[in-house]
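Let's take a tour of the pockets in this protein and of the charged side chains that pair up in it. Have the 3D view open as you read.

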Amino acid sequence: MNLPATPLSSDLAAPLAAIDMGSNSFRLEIAHMPRGQYKRLEYLKETVRLGAGLDAEGMLTEAAMQRGLDCLARFAKRLNGFPAVRVRAVATQTLREARNRNAFLERAKETLGFPIEVISGREEARLIFAGVARMQPSNLPRLVIDIGGRSTEMILGKGRKPQRAESFQVGSVSLSLRFFPEGKFTADAFRAAQVAAGAELEEALTLFKPALWQEALGSSGTVGAVAQILAASGVTDGRITQAALRWCIEQALAAGSMDKLKLPGLKEDRRAVVGGGLCILYTLLTQFGIEELLPAKGALRQGVIFDLIERLEAESAAALGLTALDMRDASVAGLQQRFSVDLQQAGRVQAVAEALHRQLLPRTDGERRRELHWAAALHEIGMMVSHHDHHRHSAYLLAHVDAAGFSQDQLKRLGDLALGQRGGLRKLDGLLDDESLLWQLLSLRLASIKCHARSTVNPLAMRLSRQGRRVQLTLPKGWAAEHPRTHFLLQEEALAWGRSGVLELTIA
């Protein structure tokens with residue numbers, strides 16, 4: 001039976017859904033938070049092996065894409081009736097790597113019926129820690145490890161606060177494909193795989209040394225699969241030790257191949273990647289001095305749900321005129337500080353841009369308005385590089401920076417707004433077919449012009465009205481004579497939009 005659709009409201013205990021599009025498996029978690037307690041309602045997992053579908057050119061094969069689409073179609077049926085604000089889908093390392101990811105994502109979004117965010121490795125790590133910290137609370141400094149199909153995340157934190165989060169491009173799928181391509185287990189292959197894993201992880205030795213944490217937890221598939229094997233075989237109670245991993249490797253060598261490996265607790269969907277997973281685990285425990293690794297209760301999908309709850313709480317608070325920040329607000333403030341942004345100027349541009357945007361789109365959704373708020377806050381971060389062409393520097397920084405809470409796609413969108421804040425519009429060819437981006441950009445450009453003198457302004461001095469893509473800018477009587485330079489820039493702006501053919505801007 002489908003869960004009832006629930007509109008965004010103060011009822012934050014209604015069901016939420018998280019989709020984790022991993023390199024090995026796709027997962028769907030449906031949960032809610034009655035009286036602040038996390039309660040899973042349903043969990044679906046399918047082995048998709050998306051990461052195994054990357055060819056030598058870094059392109060996803062059609063077969064791999066189709067496996068992903070088929071899984072998402074089944075997830076979509078289960079999510080029928082869910083409002084978009086209560087669903088969040090994230091994609092990880094394989095889609096960070098795939099050169100043709102956009103082609104796949106277009107089909108995937110249409111199949112699923114909800115947006116899909118490609119998140120950075122550090123953002124993935126942050127969300128993993130959020131899931132573990134909430135599902136398995138502790139005040140001890142802890143190391144959390146998540147071995148995925150094509151990446152391994154390591155997080156150092158205490159309580160709910162991650163202090164350091166990194167992602168490394170080595171995973172159970174990629175290592176198994178490289179060193180056990182025909183499913184054969186040999187001592188030479190295990191040694192070579194461990195050396196390769198160690199080389200990728202070596203740079204983390206100082207960052208995550210044993211002196212910095214008191215307990216080590218392993219999240220998600222690989223750790224869970226090995227823990228089940230050890231418990232079912234009576235080797236340990238599920239905790240992972242170096243001796244226990246040596247036992248597992250000995251069993252693999254004795255079997256000679258993954259097809260012949262018969263271990264209690266070994267699920268069929270883990271068989272093809274167990275070799276790579278064991279090598280990464282053994283390397284981690286030996287290199288980082290981990291005496292025992294305990295399976296964690298939380299994972300990425302729970303972290304996504306907790307993060308989504310924070311966003312809904314922030315929107316609900318804003319609707320009531322209250323202040324509640326989600327992680328992205330904190331990230332924006334941190335970026336402003338790091339790049340020495342002129343906060344007064346950013347605030348002026350924010351106020352004017354948001355006032356104009358409300359006039360253009362009185363009923364737009366809160367997320368688009370918040371994007372404009374963040375873009376205005378960060379539109380000048382490129383000034384740290386150079387005043388000349390600072391909009392281009394801002395666009396590059398935003399598109400490539402790690403910012404907690406943001407997906408790579410949303411950062412790219414902020415970068416596009418920063419790029420388009422001034423100058424010609426040809427550089428945005430194709431992007432302005434997106435109407436929501438178009439009105440955000442027009443608002444930001446006009447706000448930048450109005451605030452160009454970097455002095456106090458009246459955010460309501462300009463009025464916009466529109467019919468379709470015909471926009472009229474109305475100025476107070478006598479304003480143009482009092483502000484001839486700004487009026488000149490506005491006239492130039494109208495000409496720029498006219499040359500673009502995207503919209504008609506007239507000044508009254």
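## What counts as a pocket

A pocket here is an open set of grid points with protein on both sides within 12 Å along at least five of seven lines, and its volume is the space filled by probe spheres set on those points. Keep in mind that we're looking at a predicted model.

## The second largest pocket

With that in hand, the second largest pocket holds about 760 Å³ of space. Its lining is made by 28 residues, and Arg126, Pro162, Met327, Ser331 and Ala404 sit nearest the centre. Two or more lining residues come from each of α4 (121–135), β8 (161–168), α10 and α11 (327–338). Helix α4 gives the largest share, seven residues.

What kinds of residues line this pocket? By class, there are 11 nonpolar, five polar and 12 charged ones.

## The largest pocket

Now for the largest pocket, which has about 1300 Å³ of space. It's lined by 39 residues, with Lys109, Pro115, Arg368, Asp409 and Gln410 nearest its centre. Several elements each supply at least two lining residues, among them β4 (87–91), α3 (101–112) and α13 (366–378). Which element supplies the largest share of this lining? That's α15, with six residues.

Sorted by class, the lining has 13 nonpolar, seven polar and 19 charged residues.

## Salt bridges

On to the charged pairs: the structure holds 36 salt bridges. One of them joins the side chains of glutamate 29 and arginine 301, at 2.9 Å from N to O. Glutamate 29 is in strand β2 (residues 25–32) and arginine 301 is in helix α10, so this pair ties together parts that are 272 residues apart in sequence. Both glutamate 29 and arginine 301 are buried.

Aspartate 326 and arginine 328 also meet in a salt bridge (2.9 Å, N to O), and both of these residues are buried. There's a network too: salt bridges link Arg88, Glu117, Glu123, Arg126, Asp307 and Arg311.

## A pair along one helix

Lysine 412 and aspartate 416 form another salt bridge, again listed at 2.9 Å, N to O. They are separated by about one helical turn because they lie four residues apart in helix α15.

Are these two partners buried or exposed? Lysine 412 has a relative accessible area of 40%, so it is partly exposed. Aspartate 416 is at 11%, so it counts as buried, since the cut-off for buried is under 20%.

How values were computed. Residues numbered from 1 in each chain as written. Predicted model: local features only at pLDDT ≥ 70, side-chain atom pairs only at ≥ 80, totals over all residues. Heavy atoms only, no water. 1 Å grid on protein atoms, 1.4 Å probe; cavity = no way out; pocket = protein on both sides within 12 Å on 5 of 7 lines; lining within 4 Å. Nonpolar A, V, L, I, M, F, W, Y, C, P; charged D, E, K, R; others polar. Salt bridge = Lys/Arg side-chain N within 4 Å of Asp/Glu carboxyl O. Buried < 20%, exposed > 50% of the residue type's maximum accessible area, 1.4 Å probe, protein only.
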